[in-house]
Amino acid sequence: MLNEKEVLHGIVKRVLAHLDAGTTDSAAAPYRHPTWTYTDPALFEQERLKIFKENPQLVGFSPDLPQPGSFFTFDDLGVPVLLVRDNEGKVNAFLNACSHRGARLKEGCGKAASLSCPYHAWGFDLKGKLRTIFKEESFGCVDKAYYNLVKLPVEEKYGMIFVGLDPDMKFSIDDHLGDLAQYFAMWDFSRMNLVDTHEWHLQTNWKLALDTFCEGYHFGPLHKDSVGDYAIGNLSLFDRFGPGQRHHRVAFPNTSIGAFKDLPEEQWTDVFSHFQLVHFIYPNISMLVSPTAVEFFQLYPGPTVDSHVTRYRCYWRSELDRPDQGRDPQAHFEFIREVVDKEDYWVSANVQKSLSANIKPFSTFGRNEPALINMHQAFLRGVGITPEQAQLEKVGA
């Protein structure tokens, strides 16, 4: 188990070294990224199949299913999923379809003692086992065991819930996260409280929307009256994790972190309040962890290459009725939502319009944007394309 104090103090030391040197964590060289990766329909279909359906998805946290019978549903990738906590406390994932004629069992979220089909009232327990058939004597004799709900692979650990969209997929959270898992083990995500949710449906490629979460180079120009008011622009720490180093973490320091420069380390207190840790969990999660809250962003491809859905859920890391040092949970949520909506996603939609013209062949990621380079090269490898091949040709060209 990592020592949280040592990890956080290590981040402060790295930031202070950059402040002294006027530097930031950097890649070896700028990278020219092909713009067709944001606009090509053939690549888009490969991403949906190879990147999303062949990798486990972080879909929520333990507090989203707080009690036996708690459930929630989603079908962002064309597979209707029902998650439910059974009476033994275990999370189960099912195809959200009755085994009789395929009707959806549940919508949204809630609590239920059992699962009943709204179409013909077939009844299932919270483990997916078929218990009752409506008017069974008139239906005919069938083997009920054959009609249990279709199970999907699911695992809950560190207060996180991952699901696979293929019934035959086998995965473990530790294998998927690799050395990133030990950092999540430091925090107890099972004790958070949901503040609020927001959903965007935008004419922006899902990867282009993710770009806004991966660098602080834009803080000064784009966020000068919001995040830029307290964050240090163009200075961040970048670390890669997991199999193929596909996941990453970026630490964005606040201007207040400079106060530690003149203090001996034994006098450092409350260091985590002086920076934010933004984690990218392959393939589609941006998760900001602070002492106060967790900002959880899920980005999914839309129906077309130039569209996507973002689901944002804000969690408070203490009781909702006890604002932390004057920070009100709902006001905090509204601030983050406004910044993303009016600034990050405004410019993302702006960029998509120019890229969709398919005139400009490359975008450039600077040395000071290493997370973007790492993430997009991981996406290319995820569909079997090397970064070198991507420079030369489109999918299917």
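The model is predicted, so local features need pLDDT of at least 70 and side-chain atom pairs count only at pLDDT 80 or more, while totals for chains, interfaces and linings use all residues. Residues are numbered from 1 along each chain as its sequence is written, and side-chain values use heavy atoms, with hydrogens and water left out.

**Exercise 1.** Find which element gives the largest share of the lining of the largest pocket.

*Solution.* Start with the term: on a 1 Å grid over the protein atoms alone, a pocket is an open set of points where a 1.4 Å probe fits, with protein on both sides within 12 Å along at least five of seven lines, and lining residues have an atom within 4 Å of a point. Next, look around the centre: 32 residues line this pocket, and Val 227, Tyr 230, Gln 276, Leu 288 and Ile 336 are the closest. Now go through the elements (DSSP runs: helices, H or I, of at least four residues; strands, E, of at least two; numbered from the N terminus). Those giving two or more residues are β16, β17, β18 and α8.

**Exercise 2.** Work out which residues touch the most other members of the largest nonpolar core.

*Solution.* A nonpolar core joins buried Ala, Val, Leu, Ile, Met, Phe, Trp, Tyr and Cys residues through side-chain atoms within 4.5 Å; buried means under 20% relative accessible area with a 1.4 Å probe, protein chains only. This core holds 64 residues, and the answer is Val 81, Leu 83, Leu 210, Phe 297 and Phe 379. Helix α9 gives the largest share, seven residues. A second, separate core has 39 residues, Trp 187 and Phe 241 among them.

Technical notes: Buried means under 20% relative accessible area, exposed over 50%, partly exposed in between (1.4 Å probe, protein chains only).
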